[in-house]
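Visitor: I would like to go through this model and ask what stands behind each label. Please show it first.

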Amino acid sequence: MRTIKTGIFINEIKKHFNKYNLESVFIRDDIFTYNQERARAISSMLGKIKASWLCMTRPNLLCRKGDRKLLEHMKKNGCDTVMIGIESYNQKILDINCKGVTISEIDRSIENCIAAGIRTIAFIIFGLPGETEKTIQNTFGFIQNTGIEM
């Protein structure tokens, strides 16, 4: 996996934040929390420049050891929203489509975001291979029960 070096990324954000007098930043990296150390460093920098920001990630990258503390750190440093690629709340559909995520990981990731006080938005895909009206309703039920956005 290739990512921009953390120092380069931070310098670019600072440059554009100041140049364009920005108030918020959308980190469009669908695995932002993959590397906890990198996410923590970027969060700290965004906190120093008083940025409001949001990011994207996967559910299995928010339920590991240390992820709740990472989310708390992110919140403290201006992260107000995390968008998570849940895609379906049915294990059979996730497996058929090789998503590499479990329902348990989805549940823990949502619990961690809520505990950290971070607004959570779920990315859902309807019409995946194997999907039925029942699996779609199951996903809607999950969204309604957790109170997260979609």
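Guide: A residue is called buried under 20% relative accessible area, exposed over 50%, and partly exposed in between. The model here is a predicted one.

Visitor: Why is lysine 15 called partly exposed?

Guide: Lysine 15 has 45% relative accessibility.

Visitor: What makes the pair of glutamate 12 and lysine 15 a salt bridge?

Guide: The label calls for a side-chain nitrogen of Lys or Arg within 4 Å of a carboxyl oxygen of Asp or Glu. For glutamate 12 and lysine 15, the N to O distance is 3.5 Å, so the pair meets the definition. Both sit in helix H1 (residues 6–19), three residues apart, which means about one helical turn separates them. Glutamate 12 is partly exposed too, at 36%.

Visitor: How many salt bridges does the structure hold?

Guide: The structure holds five. Among them is the one between arginine 64 and aspartate 67, with the closest N and O atoms 2.9 Å apart. Another joins arginine 38 to aspartate 29 at 3.5 Å.

Visitor: Why is valine 82 called buried?

Guide: Its relative accessible area is 1%. The cut-off is under 20%, so the label applies. Valine 82 lies in strand E3 and touches Cys55, Leu62, Met74 and Ile118, among others.

Visitor: How far apart are valine 82 and leucine 54, in sequence and in space?

Guide: They are 28 residues apart in sequence and 5.8 Å apart in space, C-alpha to C-alpha.

Visitor: What makes a set of residues a nonpolar core?

Guide: The members must be buried residues of the listed nonpolar kinds, joined through side-chain atoms within 4.5 Å. The largest such core has 36 residues, and those with the most contacts inside it include Val82, Ile86 and Ile106. Helix H5 (residues 103–116) gives the most to this core, with five residues. Isoleucine 86 is in contact with Ile106, Ile110, Phe123 and Phe142, among others.

Visitor: Is isoleucine 103 buried or exposed?

Guide: Isoleucine 103 has 17% relative accessibility. Buried means under 20%, so isoleucine 103 counts as buried. This residue of helix H5 is in contact with Tyr89, Asn90, Gln91 and Leu94, leaving aside its neighbours within four places in sequence.

Visitor: What label does asparagine 77 get?

Guide: At 11% relative accessibility, asparagine 77 counts as buried. It is found in the loop between helix H3 (67–76) and E3. Its contacts, not counting residues up to four places away in sequence, are Ser43, Ser44, Leu46, Gly47, Ala51 and Trp53.

Visitor: Why would the phi of lysine 50 be worth a remark?

Guide: Most residues other than glycine have a negative phi. Lysine 50 is not glycine, and its phi is near 60 degrees, a positive value. Lysine 50 lies in the loop between helix H2 (36–48) and E2 and is exposed, at 71%.

Visitor: What is the phi of glutamate 87, and is the residue buried or exposed?

Guide: Phi of glutamate 87 is near 75 degrees, again a positive value in a residue other than glycine. Glutamate 87 is found in strand E3 and, at 18%, counts as buried.

Visitor: How much space lies in the largest pocket, and what lines it?

Guide: About 170 Å³ of space lies in the largest pocket. It has 13 lining residues, and those closest to its centre are Asp30, Thr57, Arg58, Gly85 and Glu87. Strand E3 gives the most to the lining, with four residues. By class, the lining has seven nonpolar, two polar and four charged residues.

How values were computed
Residues numbered from 1 in each chain as written. Predicted model: local features only at pLDDT ≥ 70, side-chain atom pairs only at ≥ 80, totals over all residues. Heavy atoms only, no water. 1 Å grid on protein atoms, 1.4 Å probe; cavity = no way out; pocket = protein on both sides within 12 Å on 5 of 7 lines; lining within 4 Å. Points joined across faces, edges and corners; volume = space filled by probe spheres on them. Helix = DSSP H or I, 4+ residues; strand = E, 2+ residues; numbered from the N terminus. Nonpolar A, V, L, I, M, F, W, Y, C, P; charged D, E, K, R; others polar. Buried < 20%, exposed > 50% of the residue type's maximum accessible area, 1.4 Å probe, protein only. Contact = heavy atoms within 4.5 Å.
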